Amino acid sequence: DAYLKRTFDEYIAARKSTNEGVEGMTLDGFTQKLREHEAALKKRHGARLVRFRVIVKGGQTTLKPFPIQ
């Protein structure tokens with residue numbers, strides 16, 4: 001899925017730019033975690049879709065979810 005690959009690439013680039021570790025991170029592992037969070041958020045918010053945006057705040061890289069109704 002192009003969306004997941006793009007999000008993974010953005011996440012890795014952001015972590016590198018803030019000197020956070022990226023060793024051991026794989027696209028497969030990232031995708032699995034994202035899909036787990038997506039399923040939980042869909043259920044919690046009654047959303048049909050959840051997208052994530054890479055955010056760097058205070059020198060830390062995170063993913064911000066955006067439920068889509």
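E10 has a relative accessible area of 40% and is partly exposed (buried means under 20% relative accessible area, exposed over 50%, and partly exposed in between, with a 1.4 Å probe and protein chains only). The model is predicted, so that local features need pLDDT of at least 70 and side-chain atom pairs count only at pLDDT 80 or more, while totals for chains, interfaces and linings use all residues. Residues are numbered from 1 along each chain as its sequence is written, and side-chain values use heavy atoms, with hydrogens and water left out.

**View 1. A salt bridge joins E10 and R6.** The closest N and O atoms of the pair are 4.0 Å apart (a salt bridge is a side-chain nitrogen of Lys or Arg within 4 Å of a carboxyl oxygen of Asp or Glu). Both residues belong to helix α1, four residues apart, or about one turn of the helix (helices are DSSP runs of H or I with at least four residues, numbered from the N terminus). R6 is partly exposed, at 46% relative accessibility.

**View 2. K5 and D9 form a salt bridge.** Their side chains meet at 2.9 Å, N to O. Helix α1, residues 2–17, holds both K5 and D9, which are four residues apart, about one turn of the helix. K5 is partly exposed at a relative accessible area of 40%, and D9 is also partly exposed, at 36%.

**View 3. E20 pairs with R15 in a salt bridge.** The N to O distance between these side chains is 3.5 Å. Both E20 and R15 are buried. In total, the structure contains three salt bridges.

Key: Helices (H or I, at least four residues) and strands (E, at least two) are DSSP runs, numbered from the N terminus.
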